[in-house]
Amino acid sequence: MKFVSTRGQAAPHTFSEAVAIGLAPDGGLFMPETLPDIRSRLAGWRQLGYTGLCREFLSLFADDLPTEVLGGIVEKSYLSFPQPDVAPLRRLDERLYVLELFHGPTLAFKDFALQLLGNLYEHQCAATGRSLNALGATSGDTGAAAIHGLLSKPRTAVFILYPDGRISSLQERQMACTGAANVYALAIDGSFDDAQRVLKEIFGDREFARRHDLSAVNSINLARVLAQSVYYLHAWLRLPEAERGNVEFVVPTGNFGNVFAGWLLARMGVPIRGFNVATNQNDLLHRFFTTGEYRTGTVHPSLAPSMDIQVASNFERYLYYMVDGDAARVRAIMQELKATGGHRFDNFDRDIFSSSCATDEDILRHTREVHQRYGYIVDPHMACAFQSLNPDRVSIVLATAHPAKFPAALRRAIGQEPVHPALEALKSRPIVKHRMKAEAGAIKAFIEAHGV
Ligand SMILES: *Cc1c(COP(=O)(O)O)cnc(C)c1O
């Protein structure tokens, strides 16, 4: 299987190459050249456990890795998820399930992709003899998940920039209390946007990036999308036969990476009835799925901070399918988005996608009501999913983070702060962070001194 760029001006790459370089050389995102039809495999996959299913599914794409190598990487990636079925599906009532994706090391769904990506990188470093300096900026969960995916890996260092004083103290502790010698939490004097600007400048110095085997930690790596498809499939296979054709996944959404991973399965023939794109008050995608108008705006900080975005970086992948793989159209539309901040589409898939938008008030209300009705505690991201459940469908709501990560919001909603032993343990460990000016020169010097 080869992987092509959504913008059509890069040569096809193998799975390993596409994973290693992340963004395609023409600025596009990698997509499988063709999507396999997996309908005939579903019955045989029903008996598989999580890692077996993950190996079988990924082997359709990663055909340049021997199956036993891929299998080893997958096994290792999900060892750090203590639940036996990795992504437990819990039934709350007749028509409502919760898919818990928060049992990984940083208690958010991003661990599914970043544990796997870390082990894929490790395999590549070993195979090529190269080293890896991973660099990213975070406003919350991604940085922690990336750090834990690369923790103590040989010939690897990870540098994560974040705005000092502007992320929650638990989020900071997840990055700055690991005790690992190859992790650098860089607290930037400035905002998240400043951190991103600096990052862009550093990667813009291609010579520096090459010399230091610099790799970007972001949400657009192809392996992240494919790793995320697996838990949708795993959940779907566990539903009673009668419910499978009528299921709608309800997905708290920011960058459109998670829900896109599910939608790909529908493209591969899995009979999933729908996807509900649940946004917070930053409703870019809700506006898109109700009007066809994709228009970016300014970010308004919310109680669900990991969804506070106004540019959905994985949206380009969906766009590629909307225009039937016409890369010249993708280039033209991306150009228009860059120039004018918007584009109107008329052919998006209204039949399979629905959407909703939850304000902070809604988030607090849903958290309270779900707790009262089911005795179940949701986090503020998952709470957004309860804005518009479709009564005609069986809903599977994705629980994207553990509620203990957001104690302040939970106290406001239900008057108690849930705890988790992994987070409690962090509270007694020393914070090791490096305060830095938001200047490319200073960060480069730091990488120069501490990189591998
Ligand atoms: C990242 C994140 C999201 C949004 O996921 P996307 O793939 O960006 O749509 C939702 N909830 C939590 C807890 C997250 O960390």
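E293 counts as buried, at 19% relative accessibility. Buried here means under 20% relative accessible area, exposed means over 50%, and partly exposed is in between, with a 1.4 Å probe and protein chains only. R295 is partly exposed, at 33%. The side chains of E293 and R295 meet in a salt bridge, 3.0 Å from N to O. For a salt bridge, a side-chain nitrogen of Lys or Arg lies within 4 Å of a carboxyl oxygen of Asp or Glu.

A word on the source. This is a predicted model, where local features need pLDDT of at least 70 and side-chain atom pairs count only at pLDDT 80 or more, while totals for chains, interfaces and linings use all residues. Residues are numbered from 1 along each chain as its sequence is written, and side-chain values use heavy atoms, leaving out hydrogens and water.

Back to charges. How many salt bridges does a search of the whole structure find? The search gives 24. One of them pairs D141 with K405, with the closest N and O atoms 2.9 Å apart. D141 sits in helix α6 (141–150) and K405 in the loop between β14 (394–399) and α17 (407–414), so this pair ties together parts 264 residues apart in sequence. Both D141 and K405 are buried. Helices (H or I, at least four residues) and strands (E, at least two) are DSSP runs, numbered from the N terminus.

Now a local pair. E207 and R211 form a salt bridge at 3.3 Å, N to O. Both lie in helix α9 (206–211), four residues apart, about one turn of the helix. Buried or exposed, or in between? E207 is partly exposed at 45%, and R211 is partly exposed at 47%.

Next, the sheet. Five strands make an open sheet in the order β8-β5-β6-β7-β15, with parallel pairing. Two strands pair if DSSP finds at least two bridges between them. β8 (214–216) and β15 (433–437) are the edge strands, each pairing on one side only. On average, neighbouring strands of this sheet are turned by 30 degrees against each other, direction ignored. Angles run from 0 to 180 degrees between N-to-C directions, and axes are lines fitted to C-alpha atoms, for helices over the stretch in contact.

Look at the pairing of β6 (156–163) with β7 (183–189). The two run parallel over six bridges. F159 has Y184 as its bridge partner in β7.

Helices cover this sheet. α8 (192–204) packs on it, touching β5, β6 and β8, and its direction makes about 145 degrees with that of β5. α6 lies across β5 (132–137), β6 and β7, at about 170 degrees to β6. Contact means heavy atoms within 4.5 Å.

Cysteines next. A disulfide is a pair of cysteine sulfur atoms within 2.5 Å. By that rule, the count is zero. C357 is partly exposed, at 21%. C177 is buried, at 2%.

Finally, the whole chain. The protein chain has 19 helices and 15 strands. Its C-alpha trace spans about 60 × 50 × 50 Å along the principal axes. Buried residues make up 59% of the 452 residues. Among contacts with a separation of 6 or more, 75% come from residues 24 or more positions apart.
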